[in-house]
Amino acid sequence: MIFWLASGPTPFWKKFFAWVPALLLCYFVPAFYNTAGLIDGEGSALYHLASRVLLPAALVLLTLSIDLKGILKLGPKLLFVFCAGTFGILLGAVVTFQVLEWVWPAAVAGDTWKGMAALSGSWMGGGANMVAIREIYEVDATLFGQFAVVDVAIASLLMATLLFLANRADAIDARSGADTSALDEMKHRMAAYEAANARIPTLSDLMVIIGWAFGIVGLSHAIAEPASAWFKANAPWSSQFSLDAPFVWVVVLSTLGGLLLSFTRVRRLEDAGASRVGTVFLYFLIACIGMQMDFMKLANRPELVVIGLMWMSIHVAVIWYAARLVKAPLFYFGVGSQGNVGAAASAPVVAAAFHPNLAPVGVLLGTVGYATGTVLAYGLGQVLRIMAGA
């Protein structure tokens, strides 16, 4: 229904969706259903299916057509903005903790620093990093659950804002004087390639696309379980890099599988719309993420919401300033932020909202977040522990 209305059957809906992206509604409608009690998002297995099967399948199909040379041409500005986003998370945690210790000591009392350390794992990597930090610092289950709610709420609010801004990227970039030349060149080159080679997919095309996607995903799961188990049993240091988490292996191996296929004739499947099939999986994922959101649960500990809002505001301010400093386009700001806060689960979604051909950029940055998130969060936890006097 959302996509049919977004196609503009009447002038009203054409104007409505000019302001409200369809992707945003795909998140908020399930979130409203869950909050209102119409569905049980937490009790559903759909999110597990979407994150463990459809997400890695989407990563395969989105990276299968990746233009590595084009991404490299985006230059060091993108990496600078991404690193600034990481620094913004680190700085935001320290500043938020210190300010609240001065003005609202109860908000950061007790083991709150442990919850913040775990949350930083998610905001600089992903869910696997957050769980890894929970194990390292032995975060209480109740406290961890409360911060998990804050994670979903604040990160989702940021993503919703970015999806809204993506519709206005051209106007914002023109007003800020951003240098979009490298980004425009990449989009034009990929659009020209698609126009010259695109074909109507046959049933065989679609079955081969699905076969490659789920074949790589199945192989990734087959390798991930024993690989993570071996590292957990034989390499205690591996938890700092999330190498003992099967999901991280699935994400990395699926992305690597797609990258390797991009150097083979399998890349020609993009002519039949491989990335579009991957984008369908991403939309399903974003709806399942929305199913996990319950706005009412935030009322239990309002101080944690304050922590999350202050923290994320500092991250946004730092990465926005960094993007303005190098005159980077809004896309760099959006994907640089989500590469940290959302990692591979949502960075491709935000990247695709700017342009479908840019989704692989989000995939690569999200993978970097998974690789570094646990180590950085562990270090931040040590700083917060000292500040808390624990």
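Which side chain meets that of aspartate 205 in a salt bridge? The legends below take up this pair and other sites.

The model is predicted: local features need pLDDT of at least 70, side-chain atom pairs count only at pLDDT 80 or more, and totals for chains, interfaces and linings use all residues. Residues are numbered from 1 along each chain as its sequence is written, and side-chain values use heavy atoms, with hydrogens and water left out.

**View 1. Salt bridge of aspartate 205 and arginine 199.** The side chain of aspartate 205 meets that of arginine 199, at 2.9 Å from N to O. A salt bridge is a side-chain nitrogen of Lys or Arg within 4 Å of a carboxyl oxygen of Asp or Glu. The structure holds 2 of these. Aspartate 205 counts as buried because its relative accessibility is 12%, whereas arginine 199, at 37%, is partly exposed. Here buried means under 20% relative accessible area, exposed over 50%, and partly exposed in between (1.4 Å probe, protein chains only). Side chains of opposite charge can pair when their charged atoms come close.

**View 2. Salt bridge of arginine 268 and aspartate 271, with alanine 195.** The side chains of arginine 268 and aspartate 271 meet at 2.8 Å, N to O. Arginine 268 is partly exposed, with a relative accessible area of 47%, while aspartate 271 is buried at 5%. Alanine 195 is 76 residues from aspartate 271 in sequence, and their C-alpha atoms are 9.1 Å apart in space. Alanine 195 belongs to helix H11 (residues 181-197); its relative accessible area is 67%, so this residue is exposed. Helices (H or I, at least four residues) are DSSP runs, numbered from the N terminus.

View 3. With 1% relative accessibility, serine 51 counts as buried. A polar atom of the serine 51 side chain lies 3.4 Å from the backbone oxygen of histidine 48. Leaving aside neighbours within four places in sequence, serine 51 is in contact (heavy atoms within 4.5 Å) with Pro56, Phe247 and Leu285.

**View 4. Nonpolar surface patch around tyrosine 33.** Phe32, Tyr33, Leu38 and Ile39 form this patch, with about 400 Å² of accessible area together. Patches are made of residues with over 30% relative accessible area and no salt bridge; like charges are joined within 9 Å, and nonpolar side chains (Val, Leu, Ile, Met, Phe, Trp, Tyr) within 5 Å. Accessible areas come from the Shrake-Rupley method with a 1.4 Å probe, and for residues only the protein chains shown count as cover. Tyrosine 33 is part of helix H3 (residues 22-35) and is partly exposed, at 36% relative accessibility.

**View 5. The largest nonpolar core and phenylalanine 331.** This core has 103 residues, of which Met116, Trp123, Trp311, Phe331 and Phe354 touch the most other members. Helix H9 gives the most to this core, with 13 residues. Another core lies apart from it and has 7 residues, among them Ala227, Phe231, Ala235 and Trp249. A nonpolar core is a set of buried Ala, Val, Leu, Ile, Met, Phe, Trp, Tyr and Cys residues joined through side-chain atoms within 4.5 Å. Beyond its neighbours within four places in sequence, phenylalanine 331 is in contact with Leu183, Gly336, Ala351, Phe354, Leu358 and Val361.

**View 6. Glutamate 138 and arginine 134.** Glutamate 138 sits in the loop between helix H8 (127-137) and helix H9 (141-166). This residue is exposed, with a relative accessible area of 65%. Lysine 114 is 24 residues from glutamate 138 along the chain, and their C-alpha atoms are separated by 8.1 Å. Neighbours within four places in sequence aside, glutamate 138 is in contact with Lys114 and Ile133. Arginine 134, in helix H8, is partly exposed at 26% relative accessibility. Arginine 134 and glycine 121 are 13 residues apart in sequence and 9.0 Å apart in space, C-alpha to C-alpha.

**View 7. Lysine 327 in a loop.** The loop that holds lysine 327 runs between helix H15 (302-325) and helix H16 (330-341). Phi of lysine 327 is near 55°, a positive value in a residue other than glycine. Lysine 327 counts as exposed, at 51% relative accessibility.

How values were computed:
Helix = DSSP H or I, 4+ residues; strand = E, 2+ residues; numbered from the N terminus. Polar contact = N/O pair within 3.5 Å; in protein donor to acceptor, adjacent residues only side chain to side chain.
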